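Thanks for making the time this morning. I would like to walk you through one model, and I will ask you to keep the picture in view while I talk.

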Amino acid sequence: MVRRPLGNHHDGPDTLLVTSDATQTETTQTEQSANAIEMLRDLIENARVVLWDFDGPICRLFARHKAERVATGLVEWLAGRGLHNLLSDSERGSLDPHEVLRAVDLRHPGSDLVTELEERLTQEELRAAGSAHPTAYADPLIRTWTAVGARLAITTNNSPKVVTAYLDDRGLTACFAPHIYGRTTDLQLLKPDPHCLNRALVAMGSAPSAALMIGDSPSDLAAARGAGVRFLGYARNAEKAKLLREAGAAHVVRSLEPLLRVLWRR
């Protein structure tokens, strides 16, 4: 088994919590940090079940095997079969392979074409998993959360085969298995539909009020709202934080380290 480093590096500052773009008032940075930690403590201590998105909070799946390259490959594969006009200009220019897959499924739902395209995407995701970068502090946070008694699940638009391959490589499978809920053959149920979150809640016998989702995109936030689950946004850079805030996320962290520190204090 090949183990990659824990990846406790930093893509940006260890901003504890981002809740507003408002100008700082007389409240000191120390007081703000204390308030941020208190809000995190409330989220964490009330979470008996933690639903994790995969690509983002746990790792950067396409860190080296770029998503843009995968999307382009899917478009070229369609063109090679005389299906260039199946997609609009904007869809052909998409940098997100999931968007290409969704677009084809919208026009030919449940077809053999969609099945083959989805399998090609799965194979590309599996290739990407071999060079994925672990999100800083994700591994110890997952292990610590499991150790203090929380139950964890993966709720993602990626293939469950890919999630399992990555977790096996990191030695994290036992922290989640069997609760890995990824892309199914019904692509209409991808997030922002709350389907995978609801599957996890039912399988784990959890009320939505006892669960917390950690995600990095507006679609994760929408899925959490649809399932009635509290949401904590993870943003590895300012642009992602801005997108989450604009979508209405009340709590966004730029690092997972503060969550780990809250758990340690328990």
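Before the first helix pair, a word on terms: axes are lines fitted to C-alpha atoms, for helices over the stretch in contact, and angles run from 0 to 180 degrees between N-to-C directions. This is a predicted model, in which local features need pLDDT of at least 70 and side-chain atom pairs count only at pLDDT 80 or more, while totals for chains, interfaces and linings use all residues. Residues are numbered from 1 along each chain as its sequence is written, and side-chain values use heavy atoms, with hydrogens and water left out.

Helix α9, residues 195-204, packs against helix α10, residues 218-227, with the axes 8 Å apart and an angle of about 45 degrees. Helices here are DSSP runs (H or I, at least four residues), numbered from the N terminus. That angle makes α9 oblique to α10, since angles under 35 degrees count as roughly parallel, over 145 as roughly antiparallel, 65 to 115 as roughly perpendicular and the rest as oblique. In this pair, Leu197, Asn198 and Leu201 of α9 meet Ala223, Ala224 and Ala227 of α10, where contact means heavy atoms within 4.5 Å.

Turning to the other pair, the axes of α2 (residues 67-79) and α4 (residues 97-107) come within 8 Å and cross at roughly 30 degrees, which makes α2 roughly parallel to α4.

Finally, confidence: pLDDT, the predictor's confidence in each residue from 0 to 100, averages 89 over the protein chain, and 88% of the residues score at least 70. Over residues 1-16, however, pLDDT stays under 50. Where pLDDT is low, the predicted coordinates should not be read in detail.

Notes
Helices (H or I, at least four residues) and strands (E, at least two) are DSSP runs, numbered from the N terminus.
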